2 protein chains.
Amino acid sequence: MSSSLSSSAPASGSQKKHKVAIVGSGNWGSAIARIAGQNTQRHSDIFEREVQMYVFEEDYKGKPLSQVINETHENPKYLPGCKLPENVVANPSPVDAVKDATMLVFVLPHQFIRSVCKQLKGKIHPDAHAISMIKGVQVKDGKISIFADVIQEALGVSCSALSGANIANEVAQDKFSETTIGHRADDKGRENAELFFKLFDTPTFKVGIIEDVAGVSLCGALKNVVAIAAGFTDGLGWGDNAKAAVMRIGLMEMKRFSEEFFEGIKPETFTETSAGVADLITTCLGGRNRKCAEAFVKTGKPFDQLEKELLNGQKLQGTETAREVHQLLEARGKVDDYPLFKAVYSIAYEGIDAHDLTSRL
Amino acid sequence: MSSSLSSSAPASGSQKKHKVAIVGSGNWGSAIARIAGQNTQRHSDIFEREVQMYVFEEDYKGKPLSQVINETHENPKYLPGCKLPENVVANPSPVDAVKDATMLVFVLPHQFIRSVCKQLKGKIHPDAHAISMIKGVQVKDGKISIFADVIQEALGVSCSALSGANIANEVAQDKFSETTIGHRADDKGRENAELFFKLFDTPTFKVGIIEDVAGVSLCGALKNVVAIAAGFTDGLGWGDNAKAAVMRIGLMEMKRFSEEFFEGIKPETFTETSAGVADLITTCLGGRNRKCAEAFVKTGKPFDQLEKELLNGQKLQGTETAREVHQLLEARGKVDDYPLFKAVYSIAYEGIDAHDLTSRL
């Protein structure tokens, strides 16, 4: 990064420090709030110490979860066993949590994005920077959108995206990992990326930056479709050659799909960054999509049943994204251009035998 | 591939068919001889039916191995349990095996290449095509060479390279996999790749082609260094994020190293082909380099002891390649430009603690 951080103080007063709010407090939200809380202390010249964290209020053993978090400095429901810094403050009101915040981190399940944005509209700092850590895409009326764009349009703020080979529990234990911020091409986008770099980069959580908000977002969504295919090969007992082949073919379809439907995609986002190839590897080695797809082949049970049995309340994203991608490709008459995506959809939704996976590639 | 195969009949007579010789008969040599034997039958318009296979003669239960292979159509020593087509003929004489052959497949451990080439010099068909499946590089007097170049120079034939995510036993069982042929930029190089494509491509062994003989060769050698690093992370129990990060960083160093020391490297050989990213994945998931490196961290035993205990006579290539790469980088004053390669060397040879792996990246 060539430009200096001195230019990126809040526009409302050059001496003011940035105030951070995390919108979301699940497994990944809590892990990233922990890092943000550490780094606002480490970079006290740039950031206000306190980090607000919006918590969707629910009951935890007879107490409100937000209260439990503030009393114990731990999120026992979604990140048990991991202490949060005391400057991370849980707040059950999204509007109150983002008050005066100049940096907004969106890290909540995608089905809640629209309703939260509706609540926040008009109530956020006019020069705020936002970043989306939301996986998934939105397909509607034959159009596909990333959530960084959904947030940017809903709130009128510059929104980047962060994604990478980041299993939350490993990050929360300070095990080494990398991640990628994809930002927009304008000055505000670059400033945004520099600020979030400062907020998140640590010696064991290394942040890379690339000017490609759509590519980073799409990597985070589409890798889950490939992980379903990788899980099929595991279930079939096809070995490491076949699994690696499916991952390679999947990575190429992810890249090609993104180039076809979005502007300004950088191929190296897919082939060279943590958000791309590295996250694909992590997701295909151990993730929940892989696991359910393996069980799908081995047990013959449908995915919705496996989701309930194996994921402990978490959602299976790969099959849902496969369906959305298929819907888009069908609307555009391009289904056959993406044989791996097509095979995943056909096996998951149309009863095609998983043994046919590679004969379709 | 745009050009037609009709131009690629042997130059010595346009109606003559190509005669194939496999030079080598280990685990991978036997697996690839099986495919070649099937495909010379399938494409009987292009190839002579018989495939000669040079076998380094050794005793197998009181009989010469070549005789056992020809009697049982199986290589019980290196690929037990897998039938070879009857048109694959074992031959203990390399000179006799390559007689009149117009297509030569070199698939033997790199330490034997020079002596075999010396024996073959002047005794091969003047218009023969060769392909190298040899892993590793040769470093001498501050210079690095790939074995496709060593063969091409020693024998005066056009030599391509083949590498990919190809665990031999899985290929021998017709489990799905992909591979990559890297060829030279001239017409003879393209003709070479088309012919070897015909010799090897099957519905479960999909051959890709790229104009990059050095890149494909270097992928096959350098991935083993990265697999050592990946094995260290396994031994340390650092999880999937760290392993994926090390693999990504390693892939980038492989590419950068190749671009620095060779002409005509295509970046996509590393990031998009089976020889590149896919083979790296396979090798870091299950290979012997990964396995020994994991044991190195867990047991504290030196690598030469682990090689004897764990590899059943096979050689550990990653540490040897790490040493050769280090030797070259040292001669060129570039050691610090490749922190992952440096860390692998330092941990394997200089007693540095494996826990320091990522602090050096």
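User: Why is the pair A:Arg248 and B:Glu178 called a salt bridge?

Analyst: The term needs a side-chain nitrogen of Lys or Arg within 4 Å of a carboxyl oxygen of Asp or Glu. In this predicted model, the side chains of A:Arg248 and B:Glu178 meet at 2.7 Å, N to O. That is within 4 Å, so the pair is a salt bridge. Between chain B and chain A the count is four salt bridges.

User: What ground rules sit behind these values?

Analyst: The model is predicted, so local features need pLDDT of at least 70 and side-chain atom pairs count only at pLDDT 80 or more, while totals for chains, interfaces and linings use all residues. Residues are numbered from 1 along each chain as its sequence is written, chains are lettered from A and ligands numbered from 1 in the order in which they are written, and side-chain values use heavy atoms, with hydrogens and water left out.

User: What makes a residue part of the contact between chain B and chain A, and how many does each chain give?

Analyst: Contact means heavy atoms within 4.5 Å. By that rule, 36 residues come from chain B and 36 residues from chain A. The buried area is about 3,000 Å², with carbon and sulfur atoms giving 58%. Buried area is the accessible area (1.4 Å probe) that two parts lose on being put together, summed over both. B:Phe176, B:Asn241 and B:Arg248 supply 24% of what chain B buries against chain A, more than any other three residues.

User: Which element gives the most to the side of chain B that touches chain A?

Analyst: H9(B) does, with 12 residues. Helices are DSSP runs (H or I, at least four residues), strands likewise (E, at least two), numbered from the N terminus. Helix H9 spans 239-261 of chain B.

User: Where are the domains of chain A, and how do you know?

Analyst: Domain 1 is 18-211 and domain 2 is 216-360. Such bounds come from an automatic or database domain assignment. The C-alpha centres of the two domains of chain A lie 26 Å apart. The contact takes 24 residues from domain 1 and 26 residues from domain 2 of chain A.
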